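This briefing describes the architecture of a single protein model. Please read it alongside the sequence and the coordinates.

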Amino acid sequence: MRTTAIVLAAGQGKRMGSVVHKQYLLLRDKPVIYYALKAFEDSRIDDIVLVVGAGEETFCRNEILDRYGFRKIKAIVEGGRERYHSVENGIQAICWSCDYILIHDGARPFVDDEIIDRAIAEVQRSKACVVAMPVKDTIKIADEMGYVLDTPARSLVWQVQTPQVFDRELIAEAYEKLLTEEEKMTEAGMKVTDDAMVVEYFMKIPVKLIQGSYKNIKITTPEDLKIAEIFLD
């Protein structure tokens, strides 16, 4: 069995309010992206594909791969206009002897061995699984005017994280179908927000939710960076 992690680091992070992209901001003395890459480097994952912004390949090779000695990064590829374009570019860079693909946001620095191991164990059973955690707060479904339409049972509502993990052939086919129907979906106002959504919609198979960690946050705002500093203590 061979596994590859696609680590996405092509986002601009506009909500961070910084000229430096959030994945390159320093968390302690290392860039945010370092921590996710280090977790996969030290795990049972075989290969890593790093997806970066346009024109950032040389910078990442020198300042990330070479500086920190990551041996499992087999390719650094340019991302696309939307997140799903970046994922597709990552999939295309993967060795086709790979059996399973883990797709992870580089701005989530606290993925760990336990999460990775649970995900790999589950994907062998179900072919598609997503790391997530039950929500702590009551969730309301609202209409366009902000009025409550429904209050789903809290026990059934999960906050989705990454990695999202799939059988390689399954996710490759799902993304091929997405790109074929991209224009139609855009015209219909359908937004692709995660990889599981692509598999659910195009492949019509159930995606299993597995436990992640409340520490497995995505760094999006300056407040998140402060929380991450605390988690490192």
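The points below cover the sheet, the helices and the salt bridges.

This is a predicted model, in which local features need pLDDT of at least 70, side-chain atom pairs count only at pLDDT 80 or more, and totals for chains, interfaces and linings use all residues. Residues are numbered from 1 along each chain as its sequence is written, and side-chain values use heavy atoms, with hydrogens and water left out. Helices (H or I, at least four residues) and strands (E, at least two) are DSSP runs numbered from the N terminus.

**The sheet**

- Seven strands form an open sheet with mixed pairing, in the order E5-E4-E1-E6-E10-E7-E11; two strands pair if DSSP finds at least two bridges between them.
- Strand E5 (73–78) and strand E11 (208–211) each have a single partner strand, so these edge strands are left without a neighbour on one side.
- From one strand to the next, the twist averages 25°; angles run from 0 to 180 degrees between N-to-C directions, and axes are lines fitted to C-alpha atoms, for helices over the stretch in contact.
- Six bridges join strand E1 (residues 3–9) to strand E4 (residues 47–52) in the parallel sense, and Thr4 stands opposite Asp47 in E4.
- Thr3 lies in strand E1 and is buried at a relative accessible area of 2%; buried means under 20% relative accessible area, exposed over 50%, and partly exposed in between (1.4 Å probe, protein chains only).
- Leaving aside neighbours within four places in sequence, the contacts of Thr3 include Arg44, Ile45, Cys98 and Ile120, where contact means heavy atoms within 4.5 Å.

- Helix H4 (residues 113–126) lies across E1, E6, strand E7 (128–134), E10 and E11, and runs at about 135° to E7.

**The H5–H7 pair**

- Two packed helices are described by the angle between their axes and the distance between the axes.
- The axes of helix H5 (residues 168–180) and helix H7 (residues 195–203) come within 9 Å and cross at roughly 80°.
- H5 and H7 are therefore roughly perpendicular to each other; angles of 65 to 115 degrees count as such, those under 35 as roughly parallel, those over 145 as roughly antiparallel, and the rest as oblique.
- Residues in the contact include Leu170, Ile171 and Tyr175 of H5 and Val198, Val199 and Phe202 of H7.
- By class, this contact has nine nonpolar, no polar and three charged residues; Ala, Val, Leu, Ile, Met, Phe, Trp, Tyr, Cys and Pro count as nonpolar, Asp, Glu, Lys and Arg as charged, and the others, Gly among them, as polar.

**Salt bridges around Asp105**

- The structure holds 16 salt bridges, each a side-chain nitrogen of Lys or Arg within 4 Å of a carboxyl oxygen of Asp or Glu.
- Arg83 and Asp105 form a salt bridge at 3.4 Å, N to O, linking helix H3 to strand E6 across 22 residues.
- Asp105 is buried at 9% relative accessible area, whereas Arg83 is partly exposed at 26%.
- Asp105 also forms a salt bridge with Arg108 at 3.8 Å and one with Lys218 at 3.9 Å.
- Lys218 lies in the loop between E11 and helix H8 (222–231) and Asp105 in strand E6, so their pairing ties together parts 113 residues apart in sequence.
- A network of salt bridges links Arg83, Asp105, Arg108, Asp195 and Lys218.
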